[in-house]
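Me: I have a model open on my screen and would like to learn how to read it. Could you take me through it feature by feature?

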Amino acid sequence: MYNPGEEIRKISERVARLCEIKGVSREALAGVLEKPESEVQDMLDGRTAPELLDLFRMCGSFFNDTIKTGVDYSSRATRL
């Protein structure tokens with residue numbers, strides 16, 4: 001049976017893991033989402049559900065490398 005709470009938890013965990021892998025701070029993510037850092041923290045901890053527009057903004061910024069990260073991808077021969 002579909003459990004929305006469980007799906008929110010999974011999404012939050014995946015976004016938090018992606019931030020960790022890409023070296024994105026919660027502050028930088030809050031800037032992309034144009035939301036307070038405390039609200040982003042609640043979302044990544046699974047206390048609040050992310051809005052659909054927020055998910056699109058996050059995915060777009062990760063995919064297009066438009067978010068400031070702690071990782072330098074400029075030396076890669078090809079982009080993913």
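The dialogue below goes from the whole chain to single residues.

Me: What should I know about the source before I start?

Reply: This is a predicted model, in which local features need pLDDT of at least 70 and side-chain atom pairs count only at pLDDT 80 or more, while totals for chains, interfaces and linings use all residues. Residues are numbered from 1 along each chain as its sequence is written, and side-chain values use heavy atoms, with hydrogens and water left out.

Me: How many helices and strands does the protein chain have?

Reply: Helices (H or I, at least four residues) and strands (E, at least two) are DSSP runs, numbered from the N terminus. Here the protein chain has four helices and zero strands, in the order α-α-α-α from the N terminus on.

Me: What share of the residues is buried?

Reply: Buried means under 20% relative accessible area, exposed over 50%, and partly exposed in between, with a 1.4 Å probe and protein chains only. Of the 80 residues in the protein chain, 26% are buried.

Me: What part of the contacts joins residues 24 or more positions apart?

Reply: A contact means heavy atoms within 4.5 Å. Among contacts in the protein chain with a separation of 6 or more, 55% are between residues 24 or more positions apart.

Me: At what angle do α2 and α4 pack?

Reply: Axes are lines fitted to C-alpha atoms, for helices over the stretch in contact, and angles run from 0 to 180 degrees between N-to-C directions. Helix α2 (residues 26–33) and helix α4 (residues 52–63) pack at about 115°, with their axes 9 Å apart. On the α2 side the contact is made by Leu 29, Val 32 and Leu 33, and on the α4 side by Asp 54, Arg 57, Met 58, Ser 61 and Phe 62.

Me: Is Ser 61 buried or exposed?

Reply: Ser 61 sits in helix α4 and is buried, at 4% relative accessibility. For its side chain, the term to know is polar contact: a pair of N or O atoms within 3.5 Å, where within protein one must be able to donate a hydrogen and the other to accept it, and residues adjacent in sequence count only if both atoms are side-chain atoms. The side chain of Ser 61 reaches the backbone oxygen of Met 58 at 2.9 Å.

Me: What is the phi of Glu 34?

Reply: Most residues other than glycine have a negative phi. Glu 34 is not a glycine, yet has a positive phi of about 55°. Glu 34 is found in the loop between α2 and α3 (37–44) and counts as exposed, at 65% relative accessibility.

Me: Which side chains does Asp 45 reach?

Reply: Asp 45 lies in the loop between α3 and α4 and is partly exposed, with a relative accessible area of 37%. The side chain of Asp 45 makes a polar contact of 2.8 Å with that of Gln 41 and another of 3.2 Å with that of Arg 47.
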